[in-house]
Amino acid sequence: GKFAGRIKSFNAEKGFGFIECAHTYAQYNRDVFLHKAILAQIGDMPVGAFVTFTCEVNKQGMPQAKEVAQIGAPPQAPAGAGGAVGKGGKGGEGGGKGKSKGKD
């Protein structure tokens, strides 16, 4: 079945990380292994991102994530999608000048 969890860690050098999920932890007593090949299919996700995934046991007997998808994010969003938020900062600069006039 599908599980929901959070990316707990990812080591780009080693090429893997882990997803923490209470349901799978209760079953396997360990975090779910996340291989870089999965992220290659879906794009990088930040540590702390909430994801859904299916789980299967690998050759080492460890739970391994498959079919990982980020919760609350459109599939394959462009990397710069979050950048638009910064544009609102320009309005704040004008407000700062107004405050300085009051001090005179």
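How much accessible surface does the protein chain have, and what percentage of it belongs to carbon and sulfur atoms? In this predicted model, the accessible surface comes to about 7300 Å², and carbon and sulfur atoms account for 55% of that area.

## Overall architecture

The protein chain contains three helices and five strands. Read from the N terminus, these elements follow the order β-β-α-β-α-β-β-α. Of its 104 residues, 24% count as buried. Among contacts with a separation of 6 or more, 48% join residues 24 or more positions apart.

## The S4–S5 hairpin

Strand S4 (residues 50-57) pairs with strand S5 (residues 63-70) in the antiparallel sense, over six bridges. The two strands form a hairpin with five residues between them, and Gly 61, in the turn, has a positive phi of about 80 degrees. Within this pairing, Thr 54 stands opposite Lys 66 of S5.

Lys 66 also takes part in a salt bridge with Glu 56, at 4.0 Å from N to O. Because Glu 56 lies in S4 and Lys 66 in S5, this pair ties together parts that are 10 residues apart in sequence. Both side chains belong to partly exposed residues, with relative accessibility of 44% for Glu 56 and 28% for Lys 66.

## The nonpolar core

The largest nonpolar core has 15 residues, and Ile 19, Phe 53 and Val 68 have the most contacts inside it. Strands S1 (2-11) and S3 (32-35), helix H2 (36-42), S4 and S5 each supply at least two of its residues. The largest share, three residues, comes from S4.

## Salt bridges of strand S1

The structure holds three salt bridges. In one of them, Glu 20 meets Arg 6, with the closest N and O atoms 2.5 Å apart. Glu 20 lies in strand S2 (residues 16-20) and Arg 6 in S1, so the pair ties together parts that are 14 residues apart in sequence. Glu 20 is partly exposed, at 28% relative accessible area, and Arg 6 is likewise partly exposed, at 28%.

Another salt bridge joins Lys 8 to Asp 31, with the closest N and O atoms 2.8 Å apart. This pair links distant parts of the chain, 23 residues apart: Lys 8 is in S1, while Asp 31 is in the loop between helix H1 (22-28) and S3. Lys 8 counts as partly exposed at 40% relative accessibility, whereas Asp 31 is buried, with a relative accessible area of 16%.

## The loop at Pro 46

Pro 46 is located in the loop between H2 and S4. Beyond residues up to four places away in sequence, Pro 46 touches Ile 7 and Gln 70. Pro 46 and Gln 70 are 24 residues apart in sequence, with their C-alpha atoms 9.9 Å apart in space.

Definitions and conventions
Residues numbered from 1 in each chain as written. Predicted model: local features only at pLDDT ≥ 70, side-chain atom pairs only at ≥ 80, totals over all residues. Heavy atoms only, no water. Pairing = 2+ DSSP bridges. Helix = DSSP H or I, 4+ residues; strand = E, 2+ residues; numbered from the N terminus. Core = buried A, V, L, I, M, F, W, Y, C linked by side-chain atoms within 4.5 Å. Buried < 20%, exposed > 50% of the residue type's maximum accessible area, 1.4 Å probe, protein only. Contact = heavy atoms within 4.5 Å. Areas by Shrake-Rupley, 256 points an atom, 1.4 Å probe, with all protein chains shown as cover. Salt bridge = Lys/Arg side-chain N within 4 Å of Asp/Glu carboxyl O.
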